Amino acid sequence: METTQAGTSSTSEGATYAINSDLPLDCFSSTIFKSLRRTDQRKWAHAYLKALLVTSGKKSVRRLATAVSRDPSVVQSLRQFVSLSPWGFDEVMEELTHWVTDRRPGPVWPIGRAVLPKRGDRSVGVHRHFDLASGRTLNCQLGLGSFLCIGDAQFPVDWRLHLSTTWTQDPERRWDARIPDCEQYRPLWADTLRLVDRLAARSDSPSSVVLVDMSDEPDVVHLLRGLAKRHRDFVVAVPPYLAVLPIGEGASTPADAKALVSAQSSETAVVRRTDKQQRITHLQTSLVRLAGGPPGAPYRLFSETDPAGNPGPLWLTNLTHHTLAELGSIAALHAGTADAINSMEQHFGLLDFEGRSFPGWYHHMALVSAAYTFRRLHGLIDAPSRSTPH
């Protein structure tokens, strides 16, 4: 992701920042941000990262600056660094991916959504979006993130900002938000495939299972076929109205996925939750093919039922030889993705970016992702004593 803009300085003249030596964080920061070309950029990246880790409450730039320095010019330096300084998101997230993969992540690649409410219409990518989780239409930015799993923790290693046509087809808005020419409108399923391709290029894990909730995506078939074309295993939540053909019943008339699964008998399975606990659950399942296309490999459609027998999200997978317990355990990881995003919102400033530019949004997401990853992998650090500028 090219997020640079030539000729922009990342620091104010005379701004100073000093920190206490913190070797684990120093090592992490110098590795993750080694692609930043200038010494001052790496210094402010380290300052911003540490401030995200030690600042309580809202992570406004002013509060972040106050946490690490008494010098009032540091506010402007941090603001310039995140919003205007020329450094690349891709290179930072690639180093973050390598840092996580060195710790042997599990074989599932969750993809989650960050719904970032905004006021007004100036923040890049902001649009009216119906959020299925809350059942509300929100004025928000919508980010898609790919994650890697280590044990019960999930780590963000890439992001895509969803841009509606109201942004991509408006030259003035593109100019004001500094949206690169290469960034055009893509539906959510295409953004998802792009995340998969980028993660595949950064890692050596051809057998990883893509896990994503696309239950509100009317064109989810494009995602399913795109994953199949890439020979990717997947577990994808699909809309209840997805047209499928049951296998082995001689049916030639498409049926709605929800109606088909709801007619099946429940099977009992022991599913592993993200908190390491196990629970006995009831799943309904059916082998199907997608309607409206050439005959292909069968898929398994499955859904967990609640105590009243009502089905939950409908999942479709090409892992037809896996047990229901295995499939249910993979699908359960989706809750861990939501928990990780919620933690970034509550404790790492995911919702607190004050800038309006396209490069700034990606810079902010890289810094928040780095802070969250360091905290989860390497534990807490103490708040620094604020230094006197010199």
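A residue is called buried when its relative accessible area is under 20%, exposed when that area is over 50%, and partly exposed in between, using a 1.4 Å probe and protein chains only. The structure is a predicted model, in which local features need pLDDT of at least 70 and side-chain atom pairs count only at pLDDT 80 or more, while totals for chains, interfaces and linings use all residues. Residues are numbered from 1 along each chain as its sequence is written, and side-chain values use heavy atoms, with hydrogens and water left out.

Helices (H or I, at least four residues) and strands (E, at least two) are DSSP runs numbered from the N terminus. Helix 8 (188-202) is mostly covered, with 11 of its 15 residues buried, among them L188, D191, T192 and L195. The cover over these buried residues includes strand 3 (136-150) and strand 5, where contact means heavy atoms within 4.5 Å.

| Residue | Location | Relative accessible area |
|---|---|---|
| S208 | loop between helix 8 and strand 5 (209-213) | 0% |
| L144 | strand 3 | 1% |

Not counting residues up to four places away in sequence, L144 touches L188, D191, T192 and L195, as well as others including G112 and W159. L144 and A114 lie 30 residues apart in sequence, yet their C-alpha atoms are 6.3 Å apart in space.

S208, under that same exclusion of residues up to four places away, touches P107, W109, R232 and D233. The side chains of S208 and W109 are joined by a polar contact of 3.2 Å, a polar contact being a pair of N or O atoms within 3.5 Å of which, within protein, one must be able to donate a hydrogen and the other to accept it, with residues adjacent in sequence counting only if both atoms are side-chain atoms.
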